[in-house]
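Take a look at the model below.

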Amino acid sequence: MDRYRLPLTLVGSLILSSCTAAWVTPTSDIQPPRPDDCEIEVFSAGPPDASYEELGVLEGEGNLWNASLADVLPDLKREACRAGGDAIVLNPGQRYSSGDDDEEKYYTTATVIRWIR
């Protein structure tokens, strides 16, 4: 019985970890991508006071198992890095919706920005 435990655990982990997604829609000139694990600042109480330019709109979603901002945030940050961003500004009002298969999904949006230096 133990010989099946590890493969089943790995399959379960893969299923649960792949249930979030994020994508960006550019709103300005395409910037060179940064490494996927670059440092991204997160602003949740509105835009920062520093000078910045908007690079795009991020959208992220998770399913019933990964239905919170904490679950989707790593994907948002990775897409912000790929868009050449330095930070993201979370938009208020995350929402839940039912998909075509009646499964509840978590959905949020943010703005990816780059500091003007």
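Is Cys38 buried or exposed? Cys38 is buried, because its relative accessible area is 14%. Buried means under 20% relative accessible area, exposed over 50%, and partly exposed in between, with a 1.4 Å probe and protein chains only. This is a predicted model, in which local features need pLDDT of at least 70, side-chain atom pairs count only at pLDDT 80 or more, and totals for chains, interfaces and linings use all residues. Residues are numbered from 1 along each chain as its sequence is written, and side-chain values use heavy atoms, without hydrogens and water.

The structure holds one disulfide (a pair of cysteine sulfur atoms within 2.5 Å). Cys38 and Cys81 form it, with sulfur atoms 2.0 Å apart. Cys38 sits in the loop between strand 1 (20-26) and strand 2 (41-43), while Cys81 lies in helix 2, 43 residues apart. Helices (H or I, at least four residues) and strands (E, at least two) are DSSP runs, numbered from the N terminus. The S-S torsion is about -105 degrees, so the disulfide is left-handed. Cys81 is buried too, at 0% relative accessibility.

Now the core. The largest nonpolar core has 17 residues. Such a core is a set of buried Ala, Val, Leu, Ile, Met, Phe, Trp, Tyr and Cys residues joined through side-chain atoms within 4.5 Å. Helix 2 gives the largest share, five residues. Leu76 is among the residues with the most contacts inside the core.

Glu59 is in strand 3 (residues 52-62). Beyond its neighbours within four places in sequence, Glu59 contacts residues including Leu76 and Tyr107 (contact means heavy atoms within 4.5 Å).
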